[in-house]
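Colleague: I would like to learn how to read a model feature by feature. Can we begin with how exposure is classed?

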Amino acid sequence: MTVNSHKLLKDSMLSSFGKTSWHNDSDQGCSKPKVLTPSARCEVTEQLVQTRLSIMRACQIAGLSRAAYYKRPALASERDAEVIDALNVIVTRHVRWGLWKCFTRL
């Protein structure tokens, strides 16, 4: 692929995932919001790799680090297992308590 075809492919991928408006209500950070979320960048990179582009080049085009490409997010149930177990213990002892009361007892 040539440089121009890479640019066209990148532009088409970015437009297919949609761009957010450039209007920013907050004064923090840069004046332009993120064009793609990190998860969308991963999807774009996957599609570029499937089109037989190298992982390194696909990550450069999508603006994603290779470490982020290879790192898979942990499942919420695995990540929060200790909190879930602690809440289950409280709920079995105090059946009538609501979530926020149980949460404050942690």
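This is a predicted model: local features need pLDDT of at least 70, side-chain atom pairs count only at pLDDT 80 or more; totals for chains, interfaces and linings use all residues.

Colleague: Which residue forms a salt bridge with arginine 79?

Modeller: First the general idea. Side chains of opposite charge can pair when their charged atoms come close. The criterion for a salt bridge is a side-chain nitrogen of Lys or Arg within 4 Å of a carboxyl oxygen of Asp or Glu. Here the partner of arginine 79 is aspartate 80, with the closest N and O atoms 3.7 Å apart. Aspartate 80 has 30% relative accessibility, so it counts as partly exposed. A search of the whole structure finds one salt bridge.

Colleague: Now the overall fold. How many helices and strands does the protein chain have?

Modeller: Both come from DSSP runs: helices are H or I with at least four residues, strands are E with at least two, and numbering starts at the N terminus. The protein chain has seven helices and zero strands. Along the sequence the pattern reads α-α-α-α-α-α-α.

Colleague: What share of the protein chain is buried?

Modeller: Of its 106 residues, 18% are buried. For surface totals, accessible areas come from the Shrake-Rupley method with a 1.4 Å probe; for residues, only the protein chains shown count as cover. The protein chain exposes about 8500 Å², and carbon and sulfur atoms supply 57% of that area.

Colleague: How should I read contacts?

Modeller: A contact means heavy atoms within 4.5 Å. Take the contacts in the protein chain between residues at least 6 apart in sequence: 24% of them join residues at least 24 apart. Leaving aside neighbours within four places in sequence, alanine 58 touches Thr45, Leu48, Val49 and Leu53. Threonine 45 is 13 residues from alanine 58 in sequence, yet their C-alpha atoms are 5.4 Å apart in space.

Colleague: How many disulfides does the count give?

Modeller: The rule asks for a pair of cysteine sulfur atoms within 2.5 Å. The count comes to zero disulfides. For cysteine 42, the nearest cysteine sulfur is that of cysteine 59, 8.3 Å away. Cysteine 42 has 23% relative accessibility and so counts as partly exposed. Cysteine 102 is buried, with a relative accessible area of 2%.

Colleague: And aromatic pairs?

Modeller: Rings of Phe, Tyr and Trp (its six-membered ring) pair if their centres lie within 6.5 Å; planes under 30 degrees apart count as stacked, over 60 as edge-to-face, and the rest as tilted. A search of the whole structure finds two aromatic pairs. Tyrosine 69 and tyrosine 70 form an edge-to-face pair, 5.1 Å centre to centre with 80° between the planes. Tyrosine 69 is buried at 7% relative accessibility, whereas tyrosine 70 is exposed, with a relative accessible area of 52%. Tryptophan 100 and phenylalanine 103 are also edge-to-face, at 5.7 Å centre to centre and 85° between the planes. Both lie in helix 7, three residues apart, about one turn of the helix.

Colleague: Which residues form the nonpolar patch on the surface?

Modeller: Patches are made of residues with over 30% relative accessible area and no salt bridge: like charges are joined within 9 Å, nonpolar side chains (Val, Leu, Ile, Met, Phe, Trp, Tyr) within 5 Å. This patch holds Val83, Leu99, Trp100, Phe103 and Leu106, with about 570 Å² of accessible area together. Helix 7 (residues 99–105) gives the largest share, three residues. Tryptophan 100 is exposed, with a relative accessible area of 61%. Phenylalanine 103 is partly exposed, at 47%. Valine 83 lies in helix 6 (residues 81–93) and is partly exposed, with a relative accessible area of 42%.

Technical notes
Residues are numbered from 1 along each chain as its sequence is written. Side-chain values use heavy atoms; hydrogens and water are left out. Buried means under 20% relative accessible area, exposed over 50%, partly exposed in between (1.4 Å probe, protein chains only).
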